[in-house]
Amino acid sequence: MLVVAGAPAAPAAAKPRIKISGGLTQPVFSYKNAIREYVWVQSPVDSDGDGKKDRVRVDIIRPKETNSGLKVPVIMHESPYFDEPGAGFENDHKKYDANGNPTKFPLWYDNYFVPRGYAFVSVDMIGTRLSDGCPTSGGPSDVLGGKAVIDWLNGRATAYDAKGNPVKATWTTGSTGMIGHSYEGGLAIGVAGTGVPGLKTIVPLAGTTNWYDQWRMNGTITWFKGGQEWLARRVDLDPEEKCAAVHQRMIKGEDDATGNYNAYWHELDYRTGPVSNVRNVRASVFSVVGMQDRNVTADQFSTWWAGLPRGVQRKAWVTQYGHLDPFWGRRDVWVNTLHKWFDHELMGVRNDIMRQPRADVQLGPDRWITQADWPAPTRTATLRPQHDGSLGRKPSTGIGGYLETKQSEAAMAGDPGTAQPYRLAFLTPALKNVVRMSGTPSVSLRVKLDKPTANLGVLLVDYGQDTRLNSRGPGQGLKFIDGKDCVGEGTADDDGCYRRAADDTVTSGFEVVSRGIMDAQNHKSLSRTTPLTPGKSYQITWSMLPQDYEFKAGHRLGLVLTGTDADLGDAETGTGAKVTVDLAGTSVSLPLVAGTSSGN
């Protein structure tokens with residue numbers, strides 16, 4: 001280049017910058033021209049026992065300006081679902097170009113956040129898609145593979161390109177947020193429980209926190225036997241022989257013969273386990289739970305949430321949906337709230353997200369409230385079943401009984417005024433005022449059995465004609481409607497457009513609000529069985545599933561004592577035991593929000 005003496009210097013190129021306006025990052029970077037690449041991160045585990053450490057496939061999209069000095073935070077979505085069944089409500093899959101670089105990333109996070117100055121990394125969980133190894137249904141290798149990616153993003157682990165050359169993540173600040181639904185949410189929770197530096201926040205949507213509770217409920221087996229092995233097989237399309245030994249270890253560890261908690265399950269416990277432990281969480285938490293979720297039940301959230309260290313910043317959405325991502329149920333509010341959250345936690349943007357109430361709570365179709373925390377402040381109300389079939393506060397007398405068999409919840413709770421051999425039903429009078437329950441109810445039964453054990457089932461029911469979310473329907477409380485929303489920017493391969501959905505409602509005479517079941521021989525411990533002596537009286541107390549639910553004035557609150565819950569799966573068949581209930585020693589304790597009362 002010819003330089004003329006005395007001529008003014010050419011202006012320096014403007015340094016690329018992230019733009020912030022109104023407390024939010026703005027879409028100033030090109031999605032179409034973003035860098036799309038992949039690496040394999042070296043993990044510390046050999047999950048398939050082939051003598052080599054597993055490599056984790058990481059697909060990356062980042063603003064092209066990161067090649068010119070811009071450093072950006074990372075949103076990370078680790079999933080086992082990219083092969084089978086696909087990610088999200090529409091079962092998204094990845095696409096690649098001829099060089100193996102990704103051209104489509106499942107879900108909308110890349111379309112929306114990359115133009116706003118984020119990198120997005122899509123991680124094939126160990127044993128799935130293009131990563132090495134075997135999936136272990138929440139086991140240590142699942143967690144440590146994700147942790148290795150965080151380590152690489154922060155300069156503590158090694159990654160390789162397609163030619164085997166080491167690659168450093170020089171384009172990132174290292175600040176990472178993990179997000180995911182169901183198993184994916186569990187991975188975020190599991191990685192956070194390692195305390196890995198660089199993981200600044202997690203957004204688990206219906207995420208698993210304890211894999212024993214995924215397939216068990218107080219010693220009973222839910223869904224079906226062999227659940228861990230089934231899940232591992234479902235997400236892994238490799239030949240069966242590759243992971244056969246891993247599957248055998250899982251079958252042995254599950255111990256379906258007893259349903260007990262053991263060392264295998266403890267290793268997969270992200271609340272108190274040795275690999276991931278809630279006490280080690282340092283990342284902030286934005287958690288979403290469906291109180292009517294039958295897949296990942298709400299106690300997965302509530303128990304872990306209560307155990308978080310006090311200094312952990314947190315936020316929650318508590319819904320009445322089933323097993324759903326809120327993107328489908330409250331899209332505009334969700335996208336805006338998540339945007340604020342990531343900007344605050346990963347970019348350090350000063351906005352109002354932490355000044356907003358901590359909890360958004362859904363009380364019914366299209367009805368949301370906010371409150372300072374979850375659960376709401378409550379007092380405990382204890383109700384006792386009466387010999388005349390009523391439910392109230394006064395002391396009780398009398399004896400009742402039923403045969404422990406397997407029934408659907410519709411049969412257990414339906415037509416409560418008609419005697420049935422498989423249940424006892426008790427109802428309050430019509431409620432004089434609205435009653436809201438927030439938290440975890442518990443039940444205490446004084447029972448005698450004519451066999452060494454029985455599955456003791458309990459339902460808490462709202463009786464009264466009403467329009468309710470159809471959380472048991474095919475859409476888990478939602479239904480598709482006409483139209484699509486394009487979220488962020490797109491390309492021909494990845495348009496970022498998704499179908500719209502709305503609340504799916506049903507008019508019904510009752511709703512099962514909470515449920516609980518206990519294998520009576522586990523009444524002392526989930527780790528060992530203690531068969532009951534037939535004819536001897538026992539006091540058995542346990543927690544039901546948490547809820548945040550409003551019983552309307554004029555409705556009746558019901559308690560149903562019953563047996564094996566067919567809605568919780570096919571594994572249990574019922575024992576046929578005769579259960580004799582001493583009503584004087586039987587009660588249900590409800591966490592009622594201050595200012596509401598059962599009124600009876």
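A disulfide here is a pair of cysteine sulfur atoms within 2.5 Å. Hello everyone, and thanks for coming. The model on the screen is a predicted one, and by that rule the count comes to two disulfides. Let's begin with those, then go on to salt bridges and pockets.

The disulfide between C134 and C243 has its sulfur atoms 2.0 Å apart. Where do C134 and C243 sit in the chain? C134 is in the loop between β8 (119-124) and α2 (140-153), while C243 is in the loop between α5 (227-235) and α6 (244-254). That puts the two cysteines 109 residues apart, so to speak a link between distant parts of the chain, if you follow DSSP numbering of the elements. Both C134 and C243 are buried. The torsion about their S-S bond is -95°, and the link is left-handed.The other disulfide joins C486 to C497, with 1.9 Å from S to S. What is the handedness of this disulfide? The torsion about the S-S bond of C486 and C497 is about 100°, so this disulfide is right-handed. C486 belongs to strand β27 (residues 478-486) and C497 to strand β28 (residues 497-503), so the pair ties together parts that are 11 residues apart in sequence. C497 has a relative accessible area of 14%, and therefore counts as buried, the limit being under 20%. If you number the bonded cysteines of the protein chain in sequence order, the pairing reads 1-2, 3-4.

Now to the salt bridges. The count comes to 31 salt bridges, and I have picked out a few to walk through.

Please find R62 and E37. Their side chains meet in a salt bridge, 2.7 Å from N to O. R62 is in strand β4 (residues 55-62) and E37 in strand β3 (residues 35-42), and this pair links distant parts of the chain, 25 residues apart. Is R62 buried or exposed? R62 is buried, because its relative accessibility is 6%.

Next, look at D213 and R271. These two form a salt bridge in which the closest N and O atoms are 3.0 Å apart. D213 sits in helix α4 (residues 211-215), and R271 in the loop between α7 (263-267) and β15 (284-290); they are 58 residues apart and link distant parts of the chain. D213 is buried, with a relative accessible area of 18%. R271 counts as buried too, at 11% relative accessibility. Keep this pair in mind, please, as we will meet it again.

R367 lies in strand β18 (residues 367-371) and E550 in strand β31 (residues 547-551), so the pair ties together parts that are 183 residues apart in sequence.

Let's finish with the pockets. Rolling a probe the size of a water molecule over the atoms shows where empty space is left.

How much space lies in the largest pocket? About 980 Å³. The largest pocket is lined by 43 residues, and the closest to its centre are H181, S182, R234, N295 and H323. Among the elements, β11 (172-181), α3 (183-192), α4 and α5 each supply at least two residues of this lining. Sorted by class, the lining of the largest pocket has 21 nonpolar, 15 polar and seven charged residues.

The second largest pocket has a volume of about 490 Å³. Which residues are closest to its centre? Of the 28 residues that line the second largest pocket, they are D213, R271, D299, T303 and S543. Here is the pair I asked you to remember: D213 and R271, the partners of a salt bridge, are among those closest to the centre of this pocket. Two or more lining residues come from each of α4, β13 (216-217), α8 (299-307), β29 (505-519) and β30 (538-543). Which element gives the largest share of the lining of the second largest pocket? That is α8, with five residues. By class, this lining has 12 nonpolar, eight polar and eight charged residues.

Key
Residues are numbered from 1 along each chain as its sequence is written. This is a predicted model: local features need pLDDT of at least 70, side-chain atom pairs count only at pLDDT 80 or more; totals for chains, interfaces and linings use all residues. Side-chain values use heavy atoms; hydrogens and water are left out. A salt bridge is a side-chain nitrogen of Lys or Arg within 4 Å of a carboxyl oxygen of Asp or Glu. Helices (H or I, at least four residues) and strands (E, at least two) are DSSP runs, numbered from the N terminus. Buried means under 20% relative accessible area, exposed over 50%, partly exposed in between (1.4 Å probe, protein chains only). On a 1 Å grid over the protein atoms alone, a cavity is a set of points where a 1.4 Å probe fits but cannot get out, and a pocket is an open set with protein on both sides within 12 Å along at least five of seven lines; lining residues have an atom within 4 Å of a point. Grid points are joined across faces, edges and corners, and a volume is the space filled by probe spheres set on the points. Ala, Val, Leu, Ile, Met, Phe, Trp, Tyr, Cys and Pro count as nonpolar, Asp, Glu, Lys and Arg as charged, and the others, Gly among them, as polar.
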